[in-house]
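Reader: I'm new to this one. Can you walk me through it?

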Amino acid sequence: MSAPPVESAGYPPAAQAPPPSAPLQALRDSGAVGLGAFPMGIAFGVLVVHSGLRWWWASVFSSLIYAGSLEFLFLGLVLATVPLAQVALTAFLVNFRHVFYALSFPLHQIKGRAARAYSTFALSDEVYAVTANEAAQSYSSRRILLLQGFIHLYWAGGATAGALLGSIVPARVTGLDFAVTALFTVLAIDAFRAHRDLPVLVLAVICALIGRVALPGEMLPVAFLMFTAGLLIRYALARRRRRSTDA
Amino acid sequence: MPEPGYLITAVGTAVAVTWALRALPFAMLVPLRSNPLTGYLKTSMPVGVMVVLALYTLRDFTPRVPDRAWPTAAALAVTVGLHVWRRNVTLSVAAGTAVYAVLASTAFA
């Protein structure tokens, strides 16, 4: 593992000791989020088999869809055999935040067509989280791809392990799906910590409650559309206020 | 139980939408990096999206079914409390889920 990186020409060489190999660096980069992705994958795998599907569907879902929070919702949708349009809409709304990952993810570092295709395919929340820093802008192509591959593997491996173990967990143990609620709650707390904007939080709660009461069957799209509209209105108002104070 | 054919097309749909959302913005959004509206949405969306999703998973919550309401309230309190205290995603999710599963499978079964 101590071999020097093969393609060190692309970025400035280290001053003294040769830098650790790309796989080792990628392993280190992905370790912290891996600690979260693997057990979360296990929880997902257990849910898949407890819902009556064969274990390998957990591997299929986790390796192909590869968007943790969507997969938990996806499982509930397909078990209810909802129309594909609703699957598409849910995927769009839940993963819309990924649109903004293009603003900071160092795709410009990735060499090769297939590699770039995989890199965008596997641009998960965890990958975004570990590459959303200044240093990552100059990571080598290999290092970024490897860290994406590792995180992909932690998640899909965890889901497969969970699905295989799931048949051992007795069926009368219920309530593992609370993991989904807990996950979103925790991510909301983290997002709020990163950007302490109370009005946005209150707006989201109000939109969700209105969606729940007004159109329970369409709570998700109603709440998201209202929330987005609310943000745009707030932005427009703030800009007008700024303009009038500037004038 | 859903048919394999339906499941495969559903997976394909989810993959297509997700991949498009991840890949297309590199062509369209990068020139907008310095646009103030882009920046505003980028910082404001995540917390709202997560809050809406969390409440969505609780859409069937009703105080009239105490067998589900009490485990939910207790598990949420543990999840939030632990996360505010330790800031460890895995720990908070695992502990909250364990509390819910234990309560819902035993005391409130």
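Author: R193(A) and D190(A) form a salt bridge, with N and O 3.3 Å apart. A salt bridge here is a side-chain nitrogen of Lys or Arg within 4 Å of a carboxyl oxygen of Asp or Glu. This is a predicted model, in which local features need pLDDT of at least 70 and side-chain atom pairs count only at pLDDT 80 or more, while totals for chains, interfaces and linings use all residues. Residues are numbered from 1 along each chain as its sequence is written, chains are lettered from A in the order in which they are written, and side-chain values use heavy atoms, with hydrogens and water left out.

Reader: Is R193(A) buried or exposed?

Author: R193(A) counts as buried, at 18% relative accessibility. Buried means under 20% relative accessible area, exposed over 50%, and partly exposed in between (1.4 Å probe, protein chains only).

Reader: How many salt bridges are there over all chains?

Author: The count is 2. In the other, D197(A) pairs with R234(A), the closest N and O atoms being 3.1 Å apart. D197(A) is buried at 11% relative accessibility, and R234(A) is partly exposed at 31%.

Reader: New topic. How many residues of chain B are in contact with chain A?

Author: 65 residues of chain B are in contact with 84 of chain A, where contact means heavy atoms within 4.5 Å.

Reader: And how many salt bridges between chain B and chain A?

Author: The count there is 0.
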